[in-house]
Amino acid sequence: MAGITLNKAIKRYGAVDVIHGIDLEIEDGEFCVLVGPSGCGKSTLLRMVAGLEETSGGEIHIGERNVTRLDPAARGVSMVFQTYALYPHMTVAENMSFGLRMNGHPKAEIAAKVKAAADILKLNDYLERKPKALSGGQRQRVAIGRAIVRGPEVFLFDEPLSNLDAELRVEMRVEIARLHKEIGATMVYVTHDQVEAMTLADKIVVLRSGRIEQVGTPLDLYHDPDNRFVAGFIGSPAMNFVKARVRDGRVHAPGLSDEAFAVDIALPPNGTDLLVGVRPHHIAIDPQGASHTLIVKEALGAMFHAYLEAPTGERIVVEVPEAEAVGLQGDVGLRMVPDRLLLFDARTELRLR
Amino acid sequence: MSYVTRVWQDHKAAITPWLFLLPGILMFAIYIVIPIFQSIAISFYRWDGLGEKTFIGWENYRELMRDDIFFTALQNNVIWLVLYLLALPAGLLLALFLNQTTRGIRIYKSLFFFPFVISQVVVGLVFSWFYDPSFGLFNTALMKIGLSPIAVLADERYVTYGVIIAGLWPQIAYCMILYLTGLNAVDGEQIEAARLDNVRGWRMLWYVILPQLRPATFIALVVTVIGALRSFDLISIMTGGGPWGSSQVLAYYMYEQAFSEYGFRMGYGAAIAVVLFAIMLIYIGFFLAKMYRDEKGR
Ligand SMILES: Nc1ncnc2c1ncn2[C@@H]1O[C@H](COP(=O)(O)OP(=O)(O)O)[C@@H](O)[C@H]1O
Ligand SMILES: [Mg+2]
């Protein structure tokens with residue numbers, strides 16, 4: 001039974017704050033994904049939980065215990081590293097059993113645990129091999145196996161799939177999801193890939209520059225982002241943003257259409273600058289219109305991505321079904337449903353609801 | 001097209017590497033390989049270096065078997081070898097100690113590396129003064145703590161150890177540099193993984209760090225063994241093999257027999273050199289076998 005609680009956790013390098021007082025609650029057994037652009041402090045936060053980085057301020061609890069000043073080994077966590085960090089001179093079995101052997105567990109127990117982990121990860125045929133003789137995916141499995149064998153309360157993953165090729169990445173993603181179902185331990189998973197975040201997470205934590213932008217389930221974040229950053233970060237292809245302004249109680253977004261449209265939320269005063277966000281599959285192309293110019297079509301199979309340029313110079317991506325996309329060219333119009341548009345304050349970038 | 005040009009055109013890729021290797025091979029053959037065989041040949045003769053050579057078969061080797069100083073030298077070489085190996089753990093400890101990022105660490109590293117840069121002759125002189133019974137630091141220190149002075153280099157019991165300690169000073173520095181370079185390549189995440197497994201201190205060193213330092217250890221071992229076996233400069237500067245041959249080693253004894261004022265016994269000197277070569281051959285064989293295994297294992 002071990003959730004994780006961060007209480008105003010701060011990490012400081014010299015005079016520079018890298019993590020600015022993070023409050024976060026991760027439930028027992030939850031799969032929590034920390035996501036954000038490179039350099040936003042995901043790894044640092046994870047390593048603070050692991051105890052590999054000293055916490056400069058605030059508190060970290062795992063289960064009932066305050067672990068803020070505890071040694072990494074005493075925290076009951078296992079970590080899977082991006083580079084796998086396998087010991088090259090040990091076989092797979094030795095790698096997986098290393099921690100147990102070093103801490104004086106009986107031989108029979110170690111053998112049983114290694115066998116159990118190898119079964120879960122389908123590593124039985126490779127136990128006597130050295131890491132050098134394994135593929136990237138197999139190495140990652142061994143690294144995960146090493147984490148499982150210790151039977152931790154919390155698993156920590158730092159971009160475990162980013163050294164794998166695209167196909168393997170999908171395979172291992174499914175594997176990790178299955179693992180979480182099977183073991184049911186609390187898992188904290190760091191990635192910069194929002195697809196991984198969406199597919200794996202019970203709860204996503206979006207980080208930017210050492211601050212939490214939003215916490216929620218994948219679909220919460222997707223449908224109901226708090227701010228422009230989250231809206232733009234979650235979802236692929238990314239959300240379109242165009243400039244807009246409040247005019248006579250309506251929203252005028254010249255990048256989308258000449259006509260101002262009404263929305264059913266309370267708008268700020270006339271003349272306020274806004275941003276309108278719209279997902280590529282929430283707008284459609286009107287072949288009869290001529291307000292936008294089609295620049296490129298990308299064929300993805302059943303769907304096409306059409307890149308349009310608005311008269312304002314803004315770029316808009318539209319998802320178009322294959323049947324409609326084939327004949328498209330030249331100048332086209334846009335069709336949209338005002339309900340599907342998200343409004344943000346242009347200055348604070350906060351969502352208007 | 002002439003015949004030569006045609007051969008060149010057809011086999012360019014095969015010939016070019018040999019052309020590049022040629023100067024090196026020539027040098028190596030003239031200064032190393034051929035002299036080895038010449039030495040082996042000379043060891044079967046009696047020869048003063050100028051006059052007639054007389055073939056005497058195994059006589060030089062038979063004489064070696066009766067030569068007390070030869071056995072002293074052999075024994076001292078073994079002592080050198082064993083004690084020189086201390087340079088590895090000592091160099092490793094220094095490297096571990098210096099492998100940190102504090103202000104001015106480069107200065108400390110340079111200072112520790114310094115003994116390797118200076119000539120063995122200088123090292124020998126420095127240690128001769130250090131051991132000097134009348135003004136040396138060593139005896140001054142002994143007297144300070146109330147012990148009677150020891151004339152290290154004049155005492156048969158201590159002289160070899162005294163010289164070896166002088167030799168260890170630069171050798172440790174060398175091993176330290178090798179290990180410092182090796183430590184740079186140690187994977188930090190492996191160390192962190194081990195920390196999560198509650199592995200630390202000596203066990204971390206033994207199970208996680210040392211295995212990653214194996215290439216450095218191997219090179220350090222090879223240069224240290226070779227360095228111990230060919231010890232010459234320090235003996236020459238500090239003791240000249242004395243007192244009464246008690247600090248002799250094979251390399252210096254060979255030189256003394258073959259070239260020094262006691263007579264130019266080229267054949268006998270060559271026989272000593274051949275014995276030394278045979279001992280080194282064991283290590284070179286080990287070295288080559290390991291290199292070959294590593295190349296193949298890749
Ligand atoms: N040892 C350090 N000293 C100073 N700054 C650091 C150090 N380690 C990381 N940082 C900074 O902390 C920020 C977060 O780093 P990190 O957690 O690795 O980001 P990521 O989200 O890509 O994993 C980065 O801006 C990085 O420059
Ligand atoms: Mg990172």
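Predicted model: local features only at pLDDT ≥ 70, side-chain atom pairs only at ≥ 80, totals over all residues.
1. **Salt bridges.** The count between chain A and chain B is three salt bridges. One of them pairs Asp71(A) with Arg200(B). The closest N and O atoms of that pair are 3.1 Å apart.

2. **Extent of the interface.** Contact involves 25 residues of chain A and 17 residues of chain B. The size of an interface is often given as the accessible area lost when the parts come together. Here, the area buried between chain A and chain B is about 1,800 Å². Carbon and sulfur atoms give 54% of that area. In chain A, the residues that lose the most area to chain B are Tyr87(A), His89(A) and Met102(A). Together they account for 27% of what that side buries.

3. **An aromatic pair between the chains.** The structure holds 27 aromatic pairs over all chains. One of them is formed by Phe98(A) and Tyr207(B). A pair of aromatic rings is described by the distance of the centres and the angle of the planes. For Phe98(A) and Tyr207(B), the centres are 6.0 Å apart and the planes are at 65°. Why is this pair edge-to-face? The angle of 65° is over the cut-off of 60 degrees, so the pair counts as edge-to-face. Phe98(A) sits in helix α2 of chain A and Tyr207(B) in helix α10 (residues 201-212) of chain B, so the pair joins two chains. Are the two partners buried or exposed? Phe98(A) has 0% relative accessibility and counts as buried. Tyr207(B), at 31%, counts as partly exposed.

4. **Aromatics within chain B.** Tyr255(B) and Phe259(B) form a tilted pair, 6.1 Å centre to centre with 40° between the planes. Both lie in helix α13 (residues 250-259) of chain B. They are four residues apart, about one turn of the helix. Tyr255(B) is partly exposed at 33% relative accessible area. Phe259(B) is also partly exposed, at 45%. Elsewhere in chain B, one aromatic cluster is formed by Phe127(B), Phe130(B), Tyr131(B), Phe138(B) and Trp169(B).

5. **Chain A as a whole.** Chain A has nine helices and 20 strands. Its C-alpha atoms fill a box of roughly 75 × 45 × 35 Å along the principal axes. Of its 353 residues, 51% count as buried. Among contacts in chain A between residues at least 6 apart in sequence, 64% join residues at least 24 apart.

6. **Backbone points to check.** Most residues other than glycine have a negative phi, and most peptide bonds are trans. Which residues have a positive phi? Tyr84(A) is one of them, at about 75°. Trp244(B) is another, with phi near 50°. Tyr84(A) lies in the loop between β6 and α2 of chain A. At 9% relative accessibility, Tyr84(A) counts as buried. Trp244(B) lies in the loop between α12 (233-238) and α13 of chain B. With a relative accessible area of 72%, Trp244(B) is exposed. The peptide bond from Ser236(A) to Pro237(A) is cis, with omega near 0°. Pro237(A) is in the loop between α8 (228-233) and β11 (240-247) of chain A.

7. **Two buried residues in chain A.** His305(A) is in strand β16 (residues 303-309). Its relative accessible area is 9%, so His305(A) is buried. Thr91(A) lies in the loop between β6 and α2 of chain A. Thr91(A) counts as buried at 11% relative accessibility. Leaving aside neighbours within four places in sequence, Thr91(A) is in contact with Leu127(A), Glu128(A), Arg129(A) and Lys130(A).

How values were computed. Residues numbered from 1 in each chain as written. Chains lettered and ligands numbered in written order. Heavy atoms only, no water. Contact = heavy atoms within 4.5 Å. Buried area = accessible area lost by both parts, 1.4 Å probe. Salt bridge = Lys/Arg side-chain N within 4 Å of Asp/Glu carboxyl O. Phe/Tyr/Trp six-rings, centres within 6.5 Å; stacked < 30°, edge-to-face > 60°. Buried < 20%, exposed > 50% of the residue type's maximum accessible area, 1.4 Å probe, protein only.
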